[in-house]
Amino acid sequence: MLETLRERLQAHRPCQLDDAYPQAAVLLPIVARPEPTLLFTQRTAHLAQHAGQVAFPGGKREPGDRDLLATALRESHEEIALEAAQVDIIGRLSDVMSLHGLRVTPFVGLIAPDLPLQAEPGEIAAIFEVPLRYFIEDRRSHTDVIPVDDQPWYVPSYPFENRVIWGLSAMMLVELLAVGFGSDIALDRKPTQGELRYHPQRRRQTDTHTPRDSRAAGKIAK
């Protein structure tokens, strides 16, 4: 499974947004167990932004980061004590634009099981894993329909052990599933079954720079 994933991601050409946007990066860590899992964090409840939400390790690019991969690895080390040398990067996914104009770049990496990870207590409340099979089998509870600039986006919501994987993390998962595992899933296509929950129209807060790829330009994060 994981070698096929590596081959598909390395052949993938992700969409990229204009470099002029403020930048951030995250790591999607896949734990190379006999039954592979995907590692997530849960933010602490006292944070000013994204309090209590489930996310992948990552954050904003800092001036000292040589590139966005360095950002993702640095943030992963700061948040969960994951050493850069412990990550085998196997691919990159398309940039995702937040509602506030932040460009987020996801990287996919393999890590060994049972590493001595440790949550940074000021930011991370928990580190947990979800079997990849759970997402491949599409065990969503519902789909959030989020119209942005008159374009509807169909974002799955996955409940798992009293937590919910939704929003930005779920959007990245959609591309990982479609590209890496051949799942019949897309953000711009209504799912064939399940509950749809409609949200109000939203407008992105962006500047006048034009994205390199209009498909990526419409992707938004909660």
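In this predicted model, N162 is found in the loop that links β10 to β11 (163–165). Although N162 is not a glycine, its phi is positive, at about 70°. N162 has a relative accessible area of 86%, and because exposed means over 50%, N162 counts as exposed.

D149 also deserves attention. This residue belongs to the loop between β9 (142–148) and β10 (151–160). D149 is not a glycine either, yet it has a positive phi of about 50°. With a relative accessibility of 31%, D149 is classed as partly exposed. The values for the two residues are set out below.

| Residue | Phi | Relative accessible area |
|---|---|---|
| D149 | about 50° | 31% |
| N162 | about 70° | 86% |

The report now turns to the interior. In soluble globular proteins, nonpolar side chains tend to be buried together. Which residues have the most contacts inside the largest nonpolar core? They are L28, L38, F40, F135, I165, L173 and L176, in a core of 39 residues. Helix α4 (residues 167–181) supplies the largest share of this core, namely 8 residues.

When residues up to four places away in sequence are not counted, L28 touches L38, F56, L93, P106, F107, V108, G109, M172 and L176. Two of these partners, L38 and L176, are themselves listed with L28 among the residues that have the most contacts inside the largest core.

Key. Residues numbered from 1 in each chain as written. Predicted model: local features only at pLDDT ≥ 70, side-chain atom pairs only at ≥ 80, totals over all residues. Heavy atoms only, no water. Core = buried A, V, L, I, M, F, W, Y, C linked by side-chain atoms within 4.5 Å. Buried < 20%, exposed > 50% of the residue type's maximum accessible area, 1.4 Å probe, protein only. Helix = DSSP H or I, 4+ residues; strand = E, 2+ residues; numbered from the N terminus. Contact = heavy atoms within 4.5 Å.
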